[in-house]
Amino acid sequence: TLDFAPSRWLHRYVQERTWHPTQAFTQQPDGALRMTFTVDAMEEVWPWIRSFGDDVTVLSPAANDRE
């Protein structure tokens, strides 16, 4: 589960693409865009997540569960 910073261009960028077939989005009260998806392994996902820098917060997996 990821929260993307409140940013119109970022939300549009993320929502206009299919990153994963299980992805789902919800708008949060604080303006963040929450993205959920399910994968078996995170190795290939981490570089993509990190590419957003400070504009993304990883809510899960928990830090001690991250590969």
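1. How do strand β2 and strand β3 run, and how many bridges join them? They run antiparallel, and 4 bridges join them. Strand β2 covers residues 24-27, and strand β3 covers residues 33-36. Keep in mind that this is a predicted model.

2. Look next at the link between these strands. β2 and β3 form a hairpin, with 5 residues between them. Gly31 sits in the turn. Its phi is positive, at about 95°. Across the pair, Thr26 stands opposite Arg34 in β3.

3. Now place the hairpin in the whole chain. The protein has 2 helices and 4 strands. From the N terminus on, the order is β-α-β-β-α-β.

4. On overall dimensions, the protein has 67 residues, and a compact globule with that number would have a radius of gyration near 11 Å. The protein has 11 Å, so the value agrees with the globule. Along the principal axes, the C-alpha atoms fill a box of roughly 30 × 25 × 20 Å.

5. Contacts also deserve a look. Take those between residues at least 6 apart in sequence: 48% of them join residues at least 24 apart.

6. What share of the 67 residues is buried? Buried residues make up 31%. The accessible surface comes to about 4600 Å². Carbon and sulfur atoms account for 48% of that surface.

7. Last, the charges. The protein carries 6 positive and 10 negative charges.

Key. Residues are numbered from 1 along each chain as its sequence is written. This is a predicted model: local features need pLDDT of at least 70, side-chain atom pairs count only at pLDDT 80 or more; totals for chains, interfaces and linings use all residues. Side-chain values use heavy atoms; hydrogens and water are left out. The radius of gyration is taken over C-alpha atoms; the globule rule is 2.2 Å times the number of residues to the power 0.38. Buried means under 20% relative accessible area, exposed over 50%, partly exposed in between (1.4 Å probe, protein chains only). Contact means heavy atoms within 4.5 Å. Accessible areas come from the Shrake-Rupley method with a 1.4 Å probe; for residues, only the protein chains shown count as cover. Lys and Arg count as positive and Asp and Glu as negative; His and the chain ends are not counted. The place of a charge is taken as NZ of Lys, CZ of Arg, CG of Asp or CD of Glu. Two strands pair if DSSP finds at least two bridges between them.
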